[in-house]
Amino acid sequence: ELVHSDFRGHVMLYLSLTWALGSVLICLVAVCIRPWRALTLCSSLPLVLFFCGPFQKIPESPAFLLAQGRHDELERVMLRIARRNGRSIREGDLAQPTPAVT
C-alpha cells in the first residue's frame, strides 16, 4: 500500500539485499568479537535502537485505520503518502465512509 507498484520490485530488491549484507556483516563481526554473549549483545543493539527511533514514525496502514474507524488519522496518513508520491489531495477530498446497511 505504501509503495507504488512501479517501485515494488526495487523495494523488494533492497530488502533482500539488506538480508544478504547483514549475513556477511555478522560473519565479519563474529571474527572480531569471539565470546558469543558479547556477539549476541552487539548484534541486538541495532534492533533496540530501531525500536527507540524510526520505528515509532512508521504510520499505520490506511486499511487498518479505515477498519478501526480512525478517519482523522487516516486522512493525515493519506495526505502524507500523497505528498511523498508527488500527488496532491485537498483535505476535504477524502470523504468519510458511510456505514454499511445490514
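Trainee: Which residues line the second largest pocket?
Mentor: This is a predicted model, where local features need pLDDT of at least 70 and side-chain atom pairs count only at pLDDT 80 or more, while totals for chains, interfaces and linings use all residues. Residues are numbered from 1 along each chain as its sequence is written, and side-chain values use heavy atoms, without hydrogens and water. A pocket is an open set of points on a 1 Å grid where a 1.4 Å probe fits, with protein on both sides within 12 Å along at least five of seven lines, and lining residues have an atom within 4 Å of a point. The lining consists of Gly 22, Leu 25, Ile 26, Val 29, Leu 39, Cys 42, Ser 43, Pro 46 and Leu 47.

Trainee: Which element gives the most to the lining of the second largest pocket?
Mentor: Two elements, α1 and α2 (36-52), each give two or more residues to this lining. Helices are DSSP runs (H or I, at least four residues), numbered from the N terminus. With 5 residues, the greatest contributor is α2.

Trainee: How many residues of that lining are nonpolar?
Mentor: Cys and Pro count as nonpolar, whereas Gly counts as polar. The lining has no charged residues and 2 polar ones. The nonpolar residues number 7.

Trainee: Which side chains meet in a salt bridge?
Mentor: A salt bridge places a side-chain nitrogen of Lys or Arg within 4 Å of a carboxyl oxygen of Asp or Glu. The whole structure holds 1 salt bridge. At 2.8 Å, N to O, the partners are Arg 70 and Glu 73.

Trainee: What is the relative accessibility of Arg 70?
Mentor: Partly exposed lies between buried (under 20% relative accessible area) and exposed (over 50%), with a 1.4 Å probe and protein chains only. Glu 73 is partly exposed at 26%. Arg 70 also counts as partly exposed, because its relative accessibility is 33%.
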